[in-house]
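Here are some short notes to read beside the model. Please keep the 3D view open as you go.

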Amino acid sequence: MNDHTHDHGRSRGGDHGHDHHHHDHGGRLAGWRHRLTHAVVPHSHDSRMKIDPALESSRDGLRALWISLVGLGITALAQAVIVVLSGSVALLGDTLHNVADALTAVPLAIAFLLGRRAATRAYTYGYGRAEDLAGIIIVLVIAGSAVAAAWTAVDRLLHPTDVTHLPWVAAAGLVGFIGNETVARYRIRVGRRIGSAALIADGLHARTDGFTSLAVLAAAGGAALGWRWADPVVGLAIAIAITFVLKNAAREVYRRLMDAVDPELVDQAETTLRAVNGVQDVTAVRLRWIGHHLHAEADLVVDAGLSLIAAHEIAADAEHQLTHAIPRLTAATVHTDPDSHPGGHHHTNLSHQRRRTTTRDTTQPSRMPCP
């Protein structure tokens, strides 16, 4: 019957900065004012007085990347100094691993910057999917870390070597673990807040590097006890741990690429739409991630006797309630069907009938009267 699409300017993390108690007097007045404005003047909910949600969340993501990049850089620098003093090859490998982890921030930062670009005629949904591509790169880097850790451990088992300057090596391993775990917690927390699967995967990658640093610490302890096999055995255990982290990160990125969402969000969206005044039924709800923001599409059933403006008001109210109820939902398309033909099947049949009629009229030769 009519389609209704709006973009809402939202504050950080999907929090609008105020509570929506639509059952009270103020909520009813706000709802009537919202519907009246829609009925008189068609407009978008994109307010120039508010911060663009994509810009704000990408700022949070970029801030997390740069801060974690500096943190990992300091960690790697401190380890490099001890590598020069101790000559530890194991610690050198861990230091290079931390440098590689820091550099994974580069593709993700590029993805966040691309996500700021406005939609075009070719990329009508914008460039938010660049984050998913960055997530693939991060998963590949984690896989490479697991292979490198396992390869090094097996090589040490076949060619045992003594570790020297053990106190310095142990201290460097501890520094590496603290630095990586701090960065991992920060990236994962910000990634969950802004809805970035790629940033979460990057945080999990930093956590694997922290485990690798612990392996250096454990190996130094074992070497101090005279266990030459301690270093490679712990390395193999860490490689297995990295594999489990890889599985979780790959699953998260795969689900995002396949447009998977939490089923509870779909239930919440249906519950919200059914509670809107004038909505008789909800026949379809679709949610998808575009970058670290959600987009929704919904089909509603309304009274067939409503005017076009009245149905538009219901669609506007439904979209308004939905964007406030679902975290990180910044755009929604709401379609209304009359209760005499719910589900849109009547529209499909009617469209086919019109297409056949138009085709028949255009293909038949015109009959001109003979002179």
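Over the ring of which residue does the charged end of Arg-256 sit?

1. The ring belongs to Trp-289, and the charged end of Arg-256 is 4.2 Å from its centre. A charge sits over a ring if NZ of Lys or CZ of Arg is within 6 Å of the ring centre and within 35 degrees of the ring normal.

2. A word on the source. This is a predicted model, where local features need pLDDT of at least 70, side-chain atom pairs count only at pLDDT 80 or more, and totals for chains, interfaces and linings use all residues. Residues are numbered from 1 along each chain as its sequence is written, and side-chain values use heavy atoms, with hydrogens and water left out.

3. Now look at Tyr-127. The charged end of Arg-117 sits over its ring, 4.6 Å from the centre. Tyr-127 is buried at 15% relative accessible area, while Tyr-123 is partly exposed at 47%. Buried means under 20%, exposed over 50%, and partly exposed in between (1.4 Å probe, protein chains only).

4. The count of aromatic pairs is 1. Rings of Phe, Tyr and Trp (its six-membered ring) pair if their centres lie within 6.5 Å; planes under 30 degrees apart are stacked, over 60 edge-to-face, the rest tilted. Tyr-123 and Tyr-127 have ring centres 4.9 Å apart and planes at 35 degrees, so the pair is tilted.
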